[in-house]
Amino acid sequence: MSRFIVRRLLQLIPTLFGLSVVLFIWFNRLPGGPEFALMPENATPEQREQMREILGLDEPVAVQYMKFLGRLAEGDLGVSIASGRPVLEEFATRFPATAELAILAILIAVTLGIPLGYIAARNRGRFLDFAAIGGSLLGICTPVFFLAYIFKVIFAENLGIFPSAFRQSAGLNATNITGFAILDGLMTREWDAALDAFMHLVLPAAAVATIPLAVIVRMTRGSVLEVLSEDYVRTAEAKGLHRQTIRGRHVLRNSMLPVVTAIGYLSGQLLAGAVLTESVFAFNGIGYFIYQATQSRDYPVVMGFILIIALIYVLINTLVDISYNLLDPRVRVN
C-alpha cells in the first residue's frame with residue numbers, strides 16, 4: 001500500500017507539468033491581455049507596450065514559461081496583477097470559505113443520496129423509485145445558478161429563514177484562527193458565531209449539492225440493483241441469512257465501489273464549480289475571486305487556481321483508489 005501511495009504521489013509531477021505547459025500556451029494565445037484590463041480604453045499602443053514590458057510579457061513565451069516553472073518549483077505561483085499580492089496568499093485567504101461550502105455540499109449529497117438510491121432500488125417500479133428517478137433527473141437538468149437564485153428568493157428574502165448573502169452577519173466579532181468560520185466558532189466556544197456561519201452556508205451548499213446528490217442517487221440505485229441480481233445475494237437469502245446482514249455485508253458494501261468513485265470525482269468538481277453560486281450569494285470564496293480575476297485578465301491568479309485545483313483533484317482520486325482496498329479485499333494493486 002505504501003508503494004502505491006508513493007507512486008501515485010509521484011505521478012503528480014508529470015501531471016502538473018503537462019497541465020502547466022498547456023495552460024501557459026493557452027493563456028498566451030488568448031486575445032487581449034492584462035495590459036488591456038489594467039489600462040484605460042484610450043491608452044495608446046506605446047503605453048500598452050510599456051505595460052507589457054513592466055509585466056514581463058514582451059519576452060519570448062519559452063523564457064516566460066521557464067521563469068514561471070522556476071517559481072513553481074519553489075512553491076511560488078506568482079503575483080496577482082490586479083492586487084500585487086502573492087497568488088498563494090490570495091488563494092489561502094479565500095480557500096477556507098469554499099472548502100467549507102464544498103464539504104457541507106458533499107455531506108448533504110452523500111447522507112441523502114445513498115439512502116435515497118438504496119430505497120429506490122429496493123422499491124424498483126414503485127412510486128418511491130419513480131420519485132427518486134424523477135427528482136434526480138430534475139436536479140441534473142436544473143442549472144445551479146438558477147436554483148441558487150430560487151433558494152435565495154424563497155428561503156432568504158421571502159421567508160427570512162436563512163441569510164441572503166456573505167459568510168457572516170455584519171457586526172459579528174468572531175475570532176479568526178484557521179479561516180474556517182464554523183471550526184473557529186467551535187474551537188473558541190463562540191457558539192453564536194459558529195451557528196451564524198452555518199446558517200450562511202446552508203443555502204449555497206444546498207444549491208451546490210443538487211447535481212452531486214442527483215448523480216449519487218442514480219449511481220447508488222443502479223449499483224444496488226446490479227448487486228441484488230448477483231448469485232451470492234440470492235444464495236445468502238436462500239440460506240436464511242438475516243436481512244440486515246445481507247443488506248450491510250453483501251449489498252451495500254459491494255455496491256459502493258462505483259459510488260465512491262463518483263463521490264471522489266464530484267468532490268473535486270465542487271471546488272471548481274462554486275463560481276456562480278458564490279456570485280449569487282456574494283460568498284467571498286475562491287470561486288467568486290476567480291470570476292473577478294477572469295474579468296480583469298489576471299492570468300497568474302487563474303493559472304495558479306487551476307493548478308491548485310488539479311493538485312487537490314488528483315489527491316482526492318488517490319484517496320478514492322486507496323478506499324477501494326478497504327471496501328473490497330479482492331482489489332489488489334500491483
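Which residues make a nonpolar surface patch of about 340 Å²? Select Ile154, Phe155, Leu159 and Ile161, which together make this patch. In a patch, residues have over 30% relative accessible area and no salt bridge, and nonpolar side chains are joined within 5 Å.

The model is predicted, so local features need pLDDT of at least 70 and side-chain atom pairs pLDDT 80 or more, whereas totals for chains, interfaces and linings use all residues. Residues are numbered from 1 along each chain as its sequence is written, and side-chain values use heavy atoms, without hydrogens and water.

Leu159 lies in the loop between helix H8 (144-158) and helix H9 (181-187); helices are DSSP runs (H or I) of at least four residues, numbered from the N terminus. Leu159 counts as exposed because its relative accessibility is 54%, and exposed means over 50% with a 1.4 Å probe, protein chains only.

The structure holds 1 cavity of 30 Å³ or more. A cavity is a set of points, on a 1 Å grid over the protein atoms alone, where a 1.4 Å probe fits but cannot get out; lining residues have an atom within 4 Å of a point. The largest cavity has a volume of about 40 Å³, the space filled by probe spheres set on the points.

Select its lining: Val87, Phe91, Ile286, Phe289, Ile290, Val301, Gly304 and Phe305. Helices H6, H14 (286-295) and H15 (299-327) each give two or more residues to this lining. By class, the lining has 7 nonpolar residues, 1 polar and no charged; Gly counts as polar, while Val, Ile and Phe count as nonpolar.

Methods: Patch = residues over 30% accessible without salt bridge, like charges linked within 9 Å, V, L, I, M, F, W, Y side chains within 5 Å. Areas by Shrake-Rupley, 256 points an atom, 1.4 Å probe, with all protein chains shown as cover. Salt bridge = Lys/Arg side-chain N within 4 Å of Asp/Glu carboxyl O. Buried < 20%, exposed > 50% of the residue type's maximum accessible area, 1.4 Å probe, protein only. 1 Å grid on protein atoms, 1.4 Å probe; cavity = no way out; pocket = protein on both sides within 12 Å on 5 of 7 lines; lining within 4 Å.
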